[in-house]
Amino acid sequence: VLLIHGAKDTVVDVAQSKKMAKQLKRYKRTFEYIELPFGDHHHSLFEDRLRYLTETARFLDECM
């Protein structure tokens with residue numbers, strides 16, 4: 001599981017991803033959690049969108 005969440009998301013509270021990460025850790029599941037400090041729900045900042053796409057591509061590449 002790859003979780004990427006913007007800390008400034010006003011649509012979905014970042015606490016939801018933190019809670020999911022906590023549960024995945026509790027049940028010893030493999031996951032990655034990336035929090036974008038200035039990220040919003042739509043990855044409006046170029047740097048956040050680039051990181052989102054780069055991390056997603058890397059994650060999928062590792063899964064294939």
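**View 1. Serine 17 lies in helix α1.** Helices (H or I, at least four residues) and strands (E, at least two) are DSSP runs, numbered from the N terminus. The model is a predicted one, in which local features need pLDDT of at least 70, side-chain atom pairs count only at pLDDT 80 or more, and totals for chains, interfaces and linings use all residues. Residues are numbered from 1 along each chain as its sequence is written, and side-chain values use heavy atoms, with hydrogens and water left out. Serine 17 has a relative accessibility of 11% and therefore counts as buried (under 20% relative accessible area, with exposed over 50% and partly exposed in between; 1.4 Å probe, protein chains only). Leaving aside residues up to four places away in sequence, serine 17 touches Leu3, His5 and Tyr33; contact means heavy atoms within 4.5 Å.

**View 2. Strands β1 and β2 run parallel.** Strand β2 (residues 32–36) is joined to β1 by 5 bridges; two strands pair if DSSP finds at least two bridges between them. Leucine 3 stands opposite tyrosine 33 in β2. From β1 the chain passes through helix α1 (residues 14–26) to β2, a right-handed β-α-β crossover: with the strands pointing away from the viewer, the path from the first strand over the helix to the second runs clockwise. Because 4 of the 5 residues of β1 (residues 2–6) are buried, this strand is largely enclosed by the rest of the structure.

**View 3. Histidine 43 occupies the loop between β2 and α2 (46–63).** With a relative accessibility of 12%, histidine 43 counts as buried. Residues up to four places away in sequence not being counted, histidine 43 touches Ile4, Leu36, Asp48, Arg49 and Tyr52.
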